[in-house]
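Hello,

Here is the structure I promised to hand over. Please take a look, then read my notes below it.

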Amino acid sequence: MEPTMILSILAGAIVLLLIVGAPLRPVRWIGQGLIKIMIGALLLFFLNAFGTMIDLHVPINLATSSVSGFLGIPGLIALVIIQTYIL
């Protein structure tokens, strides 16, 4: 391909993204939320992997992943307290 063709395709893609980018902000928030839920599931996985030594298991589901993902380490500690003392 010629360099002018490549530059015109890139310029068109940039203009398209600038026009379409404004309505995509809610999609970005949803994506960030899903990433936090995946990080929460990863935190729970490591908790369960190392928690087997002290007989601790917190189930990995949407609710627990959301709590540990959005609240971070304090949410993970809260889940452990709930699992240990309440359930």
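The notes below cover an aromatic pair, a loop residue and a helix contact.

This is a predicted model: local features need pLDDT of at least 70, side-chain atom pairs count only at pLDDT 80 or more, and totals for chains, interfaces and linings use all residues. Residues are numbered from 1 along each chain as its sequence is written, and side-chain values use heavy atoms, without hydrogens and water.

The structure holds 1 aromatic pair (ring centres within 6.5 Å). Phenylalanine 45 and phenylalanine 46 form it, edge-to-face (planes over 60 degrees apart), at 5.6 Å centre to centre and 65° between the planes.

Threonine 52 sits in the loop between α2 (25–51) and α3 (62–71). Threonine 52 is exposed (over 50%), with 57% relative accessibility. A polar atom of its side chain lies 3.1 Å from the backbone oxygen of alanine 49. Its C-alpha atom is 41 Å from that of arginine 25, 27 residues apart along the chain.

Next, the helices. α3 packs against α4 (residues 73–86) at about 140°, with the axes 5 Å apart. In contact (heavy atoms within 4.5 Å) are Thr64, Val67, Ser68 and Leu71 of α3 with Ile73, Pro74, Gly75, Leu76 and Leu79 of α4. By class, this contact has 6 nonpolar, 3 polar (Gly counts as polar) and no charged residues.

Best wishes

How values were computed:
Rings of Phe, Tyr and Trp (its six-membered ring) pair if their centres lie within 6.5 Å; planes under 30 degrees apart count as stacked, over 60 as edge-to-face and the rest as tilted. Helices (H or I, at least four residues) and strands (E, at least two) are DSSP runs, numbered from the N terminus. Buried means under 20% relative accessible area, exposed over 50%, partly exposed in between (1.4 Å probe, protein chains only). A polar contact is a pair of N or O atoms within 3.5 Å; within protein, one must be able to donate a hydrogen and the other to accept it, and residues adjacent in sequence count only if both atoms are side-chain atoms. Axes are lines fitted to C-alpha atoms, for helices over the stretch in contact, and angles run from 0 to 180 degrees between N-to-C directions.
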